[in-house]
Amino acid sequence: MSKPVHLIVNPHSGHGGRRHALVDLRAAMRAAQVEMVEYTTKSAGDATRYAREIAEDARAVMVWGGDGTVNDVVNGMISSETPILPCRAGTENLLAKELRIPSDPRRIVETLLTSPTRYCDVGVVNGHNFMLIIGIGFDGEVVRRLSAVRTGHISYLSYFWPIWRTFWEHDFPKMRIIADGKEIFNDYGMAFVGNISRYAVGLRICRDAVFDDGLLDLVVFSCKKQTALVLHAAWTLLRRHPLKGDVIYKQFRNLQIECDRPVSCQVDGDVGPDTPLDVSMAKGKIKLIMPEPRPSPWAIWPWKGNGRHD
Ligand SMILES: [Mg+2]
C-alpha cells in the first residue's frame, strides 16, 4: 500500500485569500486521487514534533505556512529521504519563491506529482538549523522588537514601527568575524548569512547564494551611522552592494561571529540566539520537491546565478 501525503497547516499564517486556496488545494488533491493526511499545528514547535513522527511513513510532506513553519518542519526531517513541498501560504514564503513553487492549488498538486526532488543544504547556527537567511545586528533587533508585540498573523505593515524605531535607536555593534579560520572583519556593522538569495520585500542580500553548493554566503555591511545604512540599502536594492568598498561578500563553510556585547540575531525571520555565534553548513541534509529550473530572463545580469533568479 502506498504511503499518504501529509499536509501540515499553520492556521495562523497567511491572509484570507490563502485560506480559500487551502480549500481549493484539498479539492485538487481529491480530484487527483492522492491520499492526504492533514494536520493543523497548535503551538510553536508542534510542526517539528509532527514531522519527525510521520517522516518515514509519508510519501511527501507539504507545508501550508510561512517560512517559520517550513523551518519547524525541516528541523523534524533532517536526513530524511521523504521530500518536503513548501507552499506559499504565509507573508513571505521565501523558500517557496526561491524554488519557484506555484501558488495555484492545481499546479501545486501537479508539482507534487510530477516534479523532481533535490537535496538541499541546511545552515546550522549554534546548533539550530536554518534554510534561508540569518541576520545579525540591525536585522535581528527589528525581529526581536516585532516578536515582543506580535499577536497572530503578521503583514508587511507589522514591520513598520519595529524598523522605524530600530533605525533611529540602533547602536551598531563592533563585530569580529572569522570565516574558515581567517579573520575577515573587525569593525562596526551588521551581517547576514544566507543559504538562498532572497530576503524580505524582494531584496537579494545574499544575491549569489545557491542552496545546494555546500557553501553559505556571508554579507557584511560596514556601518556605524544611520546615513551609511541608507546608502547600503540603496545599493542592495540595485543588487550592486557586493561592489561597494565597505561591503564584504564571501562564501564559506564555517564562521564565528563575536561582538562587543550580546547582539540580537534573526534566524529565518524568527528570533535567534544572541552573539557569539558559530555558523556551519550541513550539505544535502534535506530533500525538497521543486519544478525544473527555467532559464531566467535576467540571465544577462552580470553575476553568476543558479537559474532561479527572477
Ligand atoms: Mg549555498
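Two residues are taken to be in contact if their C-beta atoms, placed from the backbone, lie within 7 Å of each other. The views below show a predicted model.

**View 1. Helix H2 and the elements that cover its buried residues.** Helix H2 spans residues 46-54. Its buried residues include Ala 47, Thr 48, Tyr 50 and Ala 51. A residue counts as buried if 20 or more other C-beta atoms lie within 10 Å of its own.

**View 2. The packing of helix H2 against helix H3.** Helix H3 comprises residues 67-76, and its axis lies 7 Å from that of H2, at an angle of about 40°. Angles under 35 degrees count as roughly parallel and those from 65 to 115 as roughly perpendicular; H2 and H3 are therefore oblique to each other. Their crossing is right-handed. On the H2 side the contact is made by Ala 47, Thr 48, Arg 49, Ala 51 and Arg 52, and on the H3 side by Thr 69, Asp 72, Val 73, Asn 75 and Gly 76. Sorted by class, the residues of this contact are three nonpolar, four polar and three charged. Ala 47, Thr 48 and Ala 51, named here in the contact with H3, are also among the buried residues of H2.

**View 3. The crossing of helices H6 and H7.** Helix H6 (residues 138-149) and helix H7 (residues 160-169) have axes that come within 9 Å and cross at roughly 135°. This angle makes H6 oblique to H7, and the crossing is right-handed. Phe 138, Glu 141, Val 142, Arg 145 and Leu 146 are the residues of H6 that meet H7, where their counterparts are Pro 162, Ile 163, Arg 165 and Thr 166.

**View 4. Strand E15 and its two antiparallel partners.** Strand E15 covers residues 277-289 and runs antiparallel to strand E5 (residues 117-125), to which eight bridges join it. One of the residues involved is Val 124, whose bridge partner in E15 is Ser 280. Strand E12 (residues 254-259) also pairs with E15 in the antiparallel sense, over four bridges. In that pairing, Ile 257 has Leu 277 of E15 as its bridge partner.

View 5. Most peptide bonds are trans. The bond from Thr 275 to Pro 276, however, is cis, with omega near 10°. Pro 276 belongs to the loop between strand E14 (270-271) and E15.

**View 6. Leu 25 in helix H1.** Leu 25 is part of helix H1, which consists of residues 16-31. It counts as buried because it has 25 C-beta neighbours inside 10 Å. Apart from its neighbours within four places in sequence, Leu 25 is in contact with Pro 105 and Ile 108. Leu 25 and Pro 105 are 80 residues apart along the chain, yet their C-alpha atoms are separated by 4.7 Å.

**View 7. Thr 236 in helix H8.** Thr 236 is placed in helix H8, which spans residues 226-237. The residue counts as buried because 21 C-beta neighbours lie inside 10 Å. Beyond its neighbours within four places in sequence, the contacts of Thr 236 are with Leu 203, Ile 205 and His 241. Its C-alpha atom is separated by 7.1 Å from that of Arg 204, a residue 32 places away along the chain.

**View 8. Two loop residues with positive phi.** Most residues other than glycine have a negative phi. Asp 180 has a positive phi of about 45° although it is not a glycine. It lies in the loop between strand E8 (174-179) and strand E9 (182-194). Asp 180 is exposed, because 12 other C-beta atoms lie within 10 Å. Arg 239 likewise has a positive phi, near 60°. This residue occupies the loop between helix H8 and strand E11 (247-252). With 18 C-beta neighbours inside 10 Å, Arg 239 counts as partly exposed.

Conventions:
Residues numbered from 1 in each chain as written. Predicted model: local features only at pLDDT ≥ 70, side-chain atom pairs only at ≥ 80, totals over all residues. Pairing = 2+ DSSP bridges. Axes fitted to C-alpha atoms, helices over the stretch in contact; angles between N-to-C directions. Parallel < 35°, antiparallel > 145°, perpendicular 65-115°, else oblique. Left-handed = near helix turned anticlockwise from the far one by under 90°. Nonpolar A, V, L, I, M, F, W, Y, C, P; charged D, E, K, R; others polar.
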